[in-house]
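Dear colleague,

Please find the structure we discussed below.

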Amino acid sequence: MVQAPVVINGIAAIRKEIQTRRGSKQLRVGLVPTMGALHEGHLSLARQAKEHCDLTVVSIFVNPTQFAPGEDLAKYPRTLEKDLAMLEAIGVDLVFHPGSEEMYPAGCSTTVVPPSLATLLEGEFRTTHFAGVCTIVLKLLNAVQPDVAYFGQKDFQQAAVIKTMVADLNVAVEVEVCPIVRDDDGLALSSRNRYLSDEQRAIALSLNRTLQHVADEIGGGETDGHLLMAEMRQRLIDAGVTSVDYAAICDPVTLTVLDEVAKPAVALIACHVGETRLIDNLLIH
Ligand code: AMP
């Protein structure tokens, strides 16, 4: 029989619960950090954790420090009851659901300075975002002390930033990056898709189509990075996106833009459809 996950709000309490369950056993503990409003993308990470770990912990925390003023923190969807039902259905053991005052008590002022690759791409448009992400992820890793933490390729740069932080700061955790889960029409699942009207959703399909197109072009022998990036941008604009933050083809490790696409690459897009900011990417081998 599937049991409802145990929901824990405090750092001391989650540590104690995991310590008790570990006992003298060599349990492999997996953590899936999320901001809730769960969908199949998040659940795919939790399923990976279930498959490869003895104890699966999902954290749900809408992290205020990774939102800049004017971004969608206040209206970010919060759907805890539904999230818990989804996690129960796949047999997640523990849900860590701290409040803001637990993660950022008064007087808490230490933050992580993210690695240099955080200044590229997203970092050019969301200058404080990765400092907030690195700080909360390190705090969650310290609270839960998992053996492995699961992240989605959907946030390609975020996964790269976290892997680098974990290596640079000698954090004792394995980082697993899981593939992007898409709707049948190709739109990458995102908690923010619910903001889109039907018309905007149709426009949003251009992200995946543009990525597929650029992969085909590269597969067909085109190597001029700047030509390909200009074409990506134009395709998005022609499809009706409101504005393009970046449409880039980069080295998948350093995330530097490729002038000449002659090796494994990643194509990445960030753009606005109406007020909604969407990101997507595709690894090109
Ligand atoms: P979020 O709740 O948006 O912070 O996402 C939590 C985790 O789920 C991150 O590691 C994301 O990369 C991952 N994720 C979000 N959407 C998807 C998706 N469509 N496919 C795979 N992973 C995803």
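**The ligand and its surroundings**

A polar backbone atom of valine 181 lies 2.9 Å from a nitrogen atom of the ligand. Please note that this is a predicted model. Two further polar pairs involve oxygen: a polar backbone atom of methionine 35 is 2.9 Å from an oxygen atom of the ligand, and a polar side-chain atom of aspartate 155 is 2.6 Å from an oxygen atom of the ligand. Taken alone, the ligand exposes 480 Å², of which the protein buries 92%.

Six strands form an open sheet with parallel pairing, in the order E1-E4-E3-E2-E5-E6. Strand E1 (6–8) and strand E6 (174–178) stand at the edges with a single partner strand each, so one side of each has no neighbour in the sheet. On average, neighbouring strands are turned by 25 degrees against each other, direction ignored.

Valine 148 in E5 is the bridge partner of glycine 30.

H2 packs on the sheet and touches E2, strand E3 (55–60), E5 and E6; its direction makes about 155 degrees with that of E5. Helix H3 (residues 80–89) also packs on the sheet, touching E1, E3 and strand E4 (94–96), and its direction makes about 165 degrees with that of E3.

Yours sincerely

Note on methods. Residues numbered from 1 in each chain as written. Predicted model: local features only at pLDDT ≥ 70, side-chain atom pairs only at ≥ 80, totals over all residues. Heavy atoms only, no water. Polar contact = N/O pair within 3.5 Å; in protein donor to acceptor, adjacent residues only side chain to side chain. Areas by Shrake-Rupley, 256 points an atom, 1.4 Å probe, with all protein chains shown as cover. Pairing = 2+ DSSP bridges. Helix = DSSP H or I, 4+ residues; strand = E, 2+ residues; numbered from the N terminus. Axes fitted to C-alpha atoms, helices over the stretch in contact; angles between N-to-C directions. Contact = heavy atoms within 4.5 Å.
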